[in-house]
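Reader: I'd like to go through this model with you, one residue at a time. Could you start by showing it to me?

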Amino acid sequence: MNRESFAAGERLVSPAYVRQGREARRSHEHLIRLLLEKGKCPEDGWDESTLELFLHELAIMDSNNFLGNCGVGEREGRVASALVARRHYRFIHGIGRSGDIAAVQPKAAGSSLLNKITNSLVLDIIKLAGVHTVTNCFVVPMATGMSLTLCFLTLRHKRPKAKYIIWPRIDQKSCFKSMITAGFEPVVIENVLEGDELRTDLKAVEAKVQELGPDYILCVHSTTSCFAPRVPDRLEELAVICANYDIPHIVNNAYGVQSSKCMHLIQQGARVGRIDAFVQSLDKNFMVPVGGAIIAGFNDSFIQEISKMYPGRASASPSLDVLITLLSLGSNGYKKLLKERKEMFSYLSNRLKKLSEAYNERLLHTPHNPISLAVTLKTLDEHCDKAVTQLGSMLFTRQVSGARVVPLGSVQTVSGYTFKGFMSHTNNYPCAYLNAASAIGMKTQDVDLFIKRLDKCLKTVRKEQNKESDISGVDNYDKTEDVDIEEMALKLDNVLLDTYQYSS
């Protein structure tokens with residue numbers, strides 16, 4: 001209510017009570033004003049009443065919510081279902097215009113304001129997470145793979161002779177297909193094994209640049225967040241190579257915002273060499289539904305070029321989701337989540353190390369990977385070719401999601417390219433292994449339950465191989481726990497074993 005409305009209310013209710021209510025509303029409005037003035041994530045998260053007031057104030061600025069609005073066009077924000085309208089807080093027009101996803105819509109001042117604020121908050125969080133010199137970013141309503149494709153298509157106009165993308169191998173389908181979809185030929189650079197870790201072959205990258213010629217290379221497409229035993233690419237050295245040969249550099253930072261190490265690599269790469277853009281997922285870093293990504297960079301004009309390359313308007317849902325999340329958490333809440341993730345990484349590492357040693361396996365030494373861990377499965381693989389696959393199937397049927405088992409010798413064809421040792425990021429990794437990751441939002445109870453179920457599955461597989469079952473040395477599995485899950489899993493194990501296959 002405005003001042004006149006409060007004054008009118010004083011004729012109906014005691015003026016003292018109305019003034020008290022007016023001051024309470026002002027406290028909400030003060031938070032909103034600070035957000036609009038500073039464009040930064042508030043330190044402390046907002047309560048739901050402030051959030052809903054803010055979203056309502058923005059929504060009524062859109063033409064579809066005007067009282068008496070007369071729409072005679074083909075896109076007037078009409079929604080058949082009231083449930084759908086409420087789900088989207090009545091933001092129906094989306095963001096951007098037909099020629100620019102970042103442009104302001106005349107029909108949707110509220111949605112446009114929401115878009116601008118969201119991009120500003122996300123930029124603030126990226127700086128908080130470690131990339132202090134980033135200059136611009138925007139939320140795009142596509143996941144990481146298609147967002148990478150958008151970056152490559154933008155570079156096409158700047159480098160008309162280019163047909164190749166140099167790509168240090170990472171066995172993840174979407175980032176590979178992003179290059180194919182954009183119409184370029186990936187040049188796969190195999191990783192080198194250093195101890196247990198798979199690292200960037202810098203000599204091979206530079207040799208390939210010289211062989212193909214810089215003008216014919218669209219960019220180097222590097223990676224930060226990845227599954228162990230692969231570790232983040234040597235971004236600083238790659239950035240120097242790109243600067244020396246005047247080649248663009250696009251970084252796939254899929255779930256790297258939650259890792260200070262990944263963000264430090266990007267910051268250092270931009271400082272000593274060249275990084276044109278880095279792309280990260282919304283769902284993996286901010287715990288929102290799948291469907292959005294952030295494209296960020298150090299050259300404001302290039303990031304604007306990418307946003308203008310997006311054809312047509314776009315869904316506002318990813319922007320709305322991340323705006324609500326960041327305002328609910330506040331910068332202090334997000335920093336707390338980052339701190340807890342690091343603690344969970346150490347806890348998960350210690351528990352996996354103890355369990356692996358009990359089964360005469362070991363936790364692979366991958367100190368350069370700050371999120372993912374890997375445990376060898378040598379003993380299983382040595383005694384039974386199907387044992388590794390069986391372990392993965394058993395974990396899946398026992399509702400353990402996210403763990404990946406990687407057998408030896410897997411071959412897979414992706415978009416016409418055949419990869420040997422697929423999922424292991426190299427043709428011939430020395431052993432089979434199991435992956436687990438400590439991602440943002442993981443709790444101690446998640447780790448404990450995973451270790452118990454993994455222990456149970458390892459014992460079962462060992463029994464089938466005539467091995468001693470009671471050798472783990474870890475906490476005994478609670479036989480009364482997850483009884484229904486175990487009964488269901490036992491029925492499914494044999495059914496799924498022959499068809500089980502983890503998709504990257």
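Reader: Thanks! Is glutamate 211 buried or exposed?

Author: A word on ground rules: this is a predicted model, where local features need pLDDT of at least 70, side-chain atom pairs count only at pLDDT 80 or more, and totals for chains, interfaces and linings use all residues. Residues are numbered from 1 along each chain as its sequence is written, and side-chain values use heavy atoms, with hydrogens and water left out. Buried means under 20% relative accessible area, exposed over 50%, and partly exposed in between (1.4 Å probe, protein chains only). Glutamate 211 has a relative accessible area of 58%, so glutamate 211 is exposed.

Reader: Which lysine meets glutamate 211 in a salt bridge?

Author: Salt bridges here need a side-chain nitrogen of Lys or Arg within 4 Å of a carboxyl oxygen of Asp or Glu. Helix H8 (residues 202-212) holds both partners, 3 residues apart, about one turn of the helix; helices (H or I, at least four residues) and strands (E, at least two) are DSSP runs, numbered from the N terminus. The N to O distance is 3.2 Å, and the partner is lysine 208.

Reader: And why are glutamate 37 and arginine 33 about one helical turn apart?

Author: These two form a salt bridge, with the closest N and O atoms 3.0 Å apart. Glutamate 37 is exposed at 52%, while arginine 33 is partly exposed at 39%. They're about one helical turn apart because their spacing in helix H2 is 4 residues.

Reader: How many residues apart are glutamate 305 and lysine 158?

Author: Glutamate 305 forms a salt bridge with lysine 158, the closest N and O atoms being 3.4 Å apart. This one links distant parts of the chain, helix H12 (residues 300-309) for glutamate 305 and helix H6 (residues 144-158) for lysine 158, and the separation is 147 residues.

Reader: Over to the annotations: which residue makes a polar contact with the side chain of arginine 75?

Author: UniProt, in an unreviewed entry, puts a "binding site" at Arg75; its positions are given in the numbering used here, feature names are shortened, and annotations may be inferred rather than shown by experiment. Arginine 75 sits in the loop between helix H3 (48-59) and helix H4 (82-87). Beyond residues up to four places away in sequence, arginine 75 touches Gln105, Lys107 and Arg313, among others, where contact means heavy atoms within 4.5 Å. The polar contact (a pair of N or O atoms within 3.5 Å; within protein, one must be able to donate a hydrogen and the other to accept it, and residues adjacent in sequence count only if both atoms are side-chain atoms) spans 2.9 Å, and the partner side chain is that of histidine 93.

Reader: What about Lys284, and which residues does lysine 284 contact beyond its neighbours within four places in sequence?

Author: The unreviewed UniProt entry annotates Lys284 as "modified residue: N6-(pyridoxal phosphate)lysine". Lysine 284 lies in helix H11 (residues 282-286) and is partly exposed at 35%. Leaving those neighbours aside, its contacts are Ala254, Tyr255, Gln258 and Ile440.

Reader: Last one: is threonine 366 buried or exposed?

Author: Threonine 366 is in the loop between helix H13 (317-358) and strand S10 (372-376). Apart from its neighbours within four places in sequence, threonine 366 contacts Glu197, Ala228, Pro229, Val231 and Ser372. Its relative accessibility is 6%, so threonine 366 counts as buried.
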